[in-house]
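Thanks, I'll keep this short. Please have a look at the structure first.

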Amino acid sequence: ASVQQWNAGFNSLNDNIFQRYLHLINNFYLEKRTVEEYASLLSVSAKHLSAIIKEVSGKNALSFINQRIVTESKTLIQFTKLDIAEIAYQLNFNDAANFGKFFKKQTGITPLHFRKNHQL
């Protein structure tokens with residue numbers, strides 16, 4: 001039983017770090033875009049954080065950061081009249097082209113295509 005308890009201790013610690021990681025992403029996704037920045041906030045190495053996130057979720061750590069940005073992108077595209085360049089600027093991309101490439105890589109479609117298909 002002691003090995004199970006030992007493993008359970010690690011699992012709960014890892015779950016805690018994972019939850020804190022998600023919370024930090026929700027708070028800082030506009031300013032912080034790298035796993036290294038979040039690892040620093042959590043006082044662990046980026047490699048260790050990546051391993052924990054992969055173990056707990058089955059996904060890589062960066063995918064959670066990207067997904068948060070995509071979620072916000074979709075909200076702004078769908079529910080505001082802002083043009084794509086303004087949305088890119090609000091989301092802290094240095095230009096609309098970089099935002100467009102990021103969005104298409106993550107979703108498979110361009111921001112304009114998304115807007116056209118999801119207008120209210």
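I'll start with a cluster: ring pairs link Phe93, Phe99, Phe102, Phe103 and Phe114. Rings of Phe, Tyr and Trp (its six-membered ring) pair if their centres lie within 6.5 Å; planes under 30 degrees apart count as stacked, over 60 as edge-to-face and the rest as tilted.

Before going on, a word on the source: this is a predicted model, where local features need pLDDT of at least 70 and side-chain atom pairs count only at pLDDT 80 or more, while totals for chains, interfaces and linings use all residues. Residues are numbered from 1 along each chain as its sequence is written, and side-chain values use heavy atoms, with hydrogens and water left out.

Searching the whole structure gives six aromatic pairs. One of them is edge-to-face: Phe93 with Phe99, at 5.2 Å centre to centre and 65 degrees between the planes. Phe93 also pairs with Phe102, and that pair is tilted, at 5.3 Å and 45 degrees. Phe93 and Phe102 are both buried, meaning under 20% relative accessible area with a 1.4 Å probe, protein chains only. Phe99 is buried as well.

Now the charges. The charged end of Arg33 sits over the ring of Phe93, 4.8 Å from the ring centre. For Arg, that requires CZ within 6 Å of the ring centre and within 35 degrees of the ring normal. Arg68 has its charged end over the ring of Tyr29, 4.1 Å from the centre.

Last, buried or exposed: which is asparagine 14? Asparagine 14 counts as buried because its relative accessibility is 7%.

Methods: Buried means under 20% relative accessible area, exposed over 50%, partly exposed in between (1.4 Å probe, protein chains only).
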